[in-house]
Amino acid sequence: MKIRAEEASQLQLVEREDIDDEEDLFESIDKLISAGINAGDVKKLQDAGIYTCNGLMMHTKKNLTGIKGLSEAKVDKICEAAEKIVNVGYITGSDALLRRKSVIRITTGSQALDELLGGGIETSAITEAFGEFRSGKTQLAHTLCVSTQLPTNMRGGNGKVAYIDTEGTFRPDRIIPIAERFGMDPAAVLGNIIYARAYTYEHQYNLLLGLAAKMSGEQFRLLIVDSVIALFRVDFTGRGELAERQQKLAQMLSRLTKIAEEFNVAVYMTNQVIADPGGGVFISDPKKPAGGHVLAHAATIRLMFRKGKGEQRVCKVFDAPNLPEAEAISFYLNFSVKFF
């Protein structure tokens, strides 16, 4: 189905107020003012990157008292007010099932890959793709930049995309043929992608903190981090710094999880692989994802990519809570060509 260029931006971005379900996703931090919290204290929370009551409840009181100008007494009062606005207690299994209906599955552009993933990349979850160089991880990221902007009735996410690039592999010129393949206006598609190049792990984390302000005011459906581990492997060296590296990595992954659940966005992060000497003699090319157990536990869905014949690539569900494990499927690296 082709989308006329003049209609593309309207189809991609339905206004937030026109979507009833969006109102239930998060409560604005401004609601604390009507609950008796000083406007100046609310401003301090926003300056610290907290823009929703949901996001506030994802922080410990220790973290909140670290914000300049917020005492323990103020933090207690703020948390008490937020708890009255947001339900952070138990819910029934039926309510949990109802909440799952807000999850959107964004098409990958490949019918075979979508079937493997149960419909596409999930929102409110972290999808990790690991594999060797040129195995299709970044190419899929570029395709998702476009497919996320499709209307939901075309298996898209009807939202904007945030892209954090740690390896310098984002190519806006690659977006153009992919957008054309979907019948979309390339200029409108590129305009709905916000991009940042990160150079240190601290820079990478700070970029995540700044997303809350954007996502609370505009409709985003995808956050891409390509790759999640690269800067940590550069900025921390040797076994002596391994514990600190894993702690910092865990903090960043925790932030990604909170963003996914707070704003109902899909987080797609790529990961590198390392040699696995203990892989066994029966494995011809033993490799495992970098990041250790910290990263393994943070990812909701883990996908292993490897090269096939020619432009063919193979994706295997390595770990997922609701997908069959060890199922492999083939797709093609050139996502700008319509092959299904």
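Tutor: Let us begin with Arg134, which is found in the loop between S3 and H9; helices (H or I, at least four residues) and strands (E, at least two) are DSSP runs, numbered from the N terminus. The model is a predicted one, in which local features need pLDDT of at least 70 and side-chain atom pairs count only at pLDDT 80 or more, while totals for chains, interfaces and linings use all residues. Residues are numbered from 1 along each chain as its sequence is written, and side-chain values use heavy atoms, with hydrogens and water left out.

Student: Why is Arg134 called partly exposed?

Tutor: Buried means under 20% relative accessible area, exposed over 50%, and partly exposed in between (1.4 Å probe, protein chains only). Arg134 has a relative accessible area of 49%, and therefore counts as partly exposed. Arg134 also has a positive phi of about 60° although it is not a glycine.

Student: What makes Ser124 partly exposed?

Tutor: Its relative accessibility is 25%, so Ser124 counts as partly exposed. Ser124 lies in the loop between strand S2 (121-122) and strand S3 (125-131). Its phi, near 60°, is a positive value in a residue other than glycine.

Student: Why does Thr52 count as buried?

Tutor: The relative accessibility of Thr52 is 0%, so this residue counts as buried. Thr52 has its place in the loop between helix H3 (39-47) and helix H4 (53-56). Leaving aside neighbours within four places in sequence, Thr52 is in contact (heavy atoms within 4.5 Å) with residues including Phe26, Ile29, Ser216 and Phe263.

Student: What makes the pair formed by the side chain of Thr52 and the backbone nitrogen of Gly55 a polar contact?

Tutor: A polar contact is a pair of N or O atoms within 3.5 Å; within protein, one must be able to donate a hydrogen and the other to accept it, and residues adjacent in sequence count only if both atoms are side-chain atoms. A polar atom of the Thr52 side chain lies 2.8 Å from the backbone nitrogen of Gly55. The side chain of Asn38 likewise reaches the backbone nitrogen of Gly40, at 2.6 Å.

Student: Why are H12 and H15 described as roughly parallel to each other?

Tutor: Axes are lines fitted to C-alpha atoms, for helices over the stretch in contact, and angles run from 0 to 180 degrees between N-to-C directions. Angles under 35 degrees count as roughly parallel, over 145 as roughly antiparallel, 65 to 115 as roughly perpendicular and the rest as oblique. The axes of helix H12 (residues 201-209) and helix H15 (residues 242-263) come within 10 Å and cross at roughly 20°, and the two helices are therefore roughly parallel. Residues making the contact include Tyr205 and Leu208 of H12 and Met252 and Ile259 of H15.

Student: Which peptide bond is cis?

Tutor: The bond from Asp226 to Ser227 is cis, with omega near -5°. Ser227 is found in the loop between strand S6 (220-226) and helix H14 (230-235).
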